[in-house]
Amino acid sequence: MSLKADTADVAFTFKGGMLPMTIMELSSADPEQIRQQLQGKLVQSPAFFQHTPVVLGVEKLDAPNLALERICAVCREHKLLPVAVRGGTDPVRQSAWALGLGWFAPVESDRARRLASVAVDTKEASTPADGPGGESQAADQQQHSTPAPDDQQSASTRLYRGTVRSGQQVSAAEGDLIVIGAVNAGAEVLAGGSIHIYGPLRGRALAGIHGNLSAGIYCRELKAELLSVAGNYKRLEDVDLRLLGEPAQVHYSSEQLEIKPLA
Amino acid sequence: MAKVIVVTSGKGGVGKTTSAASIATGLAMRGQKTVVIDFDVGLRNLDLIMGCERRVVYDLVNVIQGEAGLNQAMIRDKRVENLFILPASQTRDKDALTQEGVKDVLGKLRQEFDFIICDSPAGIERGAQLAMHFADEAVVVTNPEVSSVRDSDRILGLLASKTQRAEEGSEPVREHLLITRYNPDRVTSGDMLTLDDIREILAIELLGLIPESEAVLSASNQGVPVIHESASDAGLAYLDTVSRLLGEEVPLRFHQTSKKGFLTRMFGGGGRR
């Protein structure tokens, strides 16, 4: 009885939550440069720019002051919603708050540390005394770091069973996409990595949407409306007729898309 | 257990209403208590094809808005026992339908009927989505034509994502393929997609194949569901379709070129009846 009354009176409850969040790690503070790169990305994968919330990671930037307002404006123009800033100096934190954004302390990721230590090692390698110790340390770090990306990749690989139908979009934002079934005309499959289709590909396939040029597209029967690897695309019209309806693989090689039989 | 079956296609003019009328009639002829509902508010056609347009007083929108009771709005078919028609409104538009209202009406009908056939409007907008929302099964009507197949593919995508079953994550809507206006001669000559092409692209179970037939046009102009024309191959094909819907195994017919005699070829031999 009293419990019910309680829940009725409460307007909200705070809950801890872990949400997937895209971090936009800035390596340039120039809004124009950011704009240009965003425009390129937008063309490649419009689906990822649907008012997607992003956290601006500014750890890599040295600048004590940041044109945060302009950077945010550029993001919003491209349908990205900056919700917070991570890292940066105190003025950066103050301006984030002024703009109504949250602020997170910089994360000392393994990767950042590794890069730093490798940089130190190479510097120190010139001084003979520290040579061997530095080298072994660098090797350790590398061994540590290699399994990590692999784990990540397998975790973000997406398996889809069934027909991807006209008007449907199936994507694996970070990793590979595997479709066991057909991708029909009017359907779209996207992946940050490669796309594997164990069936006919009649729709659009966009691999390497974040610019990964080594991504590929593989299918059992090629009838694709559009093939794209890291924004380099070919339409059905551009595909060699002899390859149509055949098992095929698509890669980026010598500055263009190369479509070969899957033998 | 009552079954709600939506007859849908995406594309217009492929034979949804013709098929809904014949399937509902066929089920009633087999002793199943059946109601067929016209969801095409604003462009009502089902009553014409069922031949009851002069008996429409109240319609689906009246029932949903509480202006009439279900029993007042439902029209009893004159030819077949156990068959009722719930017509659409001609004067309103599809915004007059609400999801709650549709749910309520279907809930009441479920208690009384064995089969509830929802004749969907064309397109993928609100009207079509409401018609399919509460369906247990779907009959996807497709012509042997590229654009029709693509639209059906789109509808199948919606059936898998926008229905109550999809939203609740319960057992998915059972999908059946009904190919209409199939002309084996034109398939052979390459004008039409083959049965196998369509089945390969849509990848769902085939419920029936209705040959292109003059009987369909004349029957709908007379207000008689073509399934009553048991001398026509379209009528027979709908009878087969209904049998399969009831779980019977019936071999496929009318999908191969008929062997015409010399004289028939010379003189055309009239329509396919």
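Tutor: Helices (H or I, at least four residues) and strands (E, at least two) are DSSP runs, numbered from the N terminus. The model is predicted: local features need pLDDT of at least 70, side-chain atom pairs count only at pLDDT 80 or more, and totals for chains, interfaces and linings use all residues. Residues are numbered from 1 along each chain as its sequence is written, chains are lettered from A and ligands numbered from 1 in the order written, and side-chain values use heavy atoms, without hydrogens and water.

Student: Which element gives the most to the lining of the second largest pocket?

Tutor: In chain B, α1, α2, β7, β8 and α11 each supply at least two lining residues. The top contributor, with 5 residues, is α11(B).

Student: How many residues of chain B are in contact with chain A?

Tutor: Contact means heavy atoms within 4.5 Å. Chain A brings 12 residues to the contact; chain B brings 10.

Student: Which residue forms a salt bridge with A:R202?

Tutor: A salt bridge is a side-chain nitrogen of Lys or Arg within 4 Å of a carboxyl oxygen of Asp or Glu. The rule finds 3 across the interface of chain A and chain B. In one of them, the closest N and O atoms are 2.8 Å apart, and the partner of A:R202 is B:E200.
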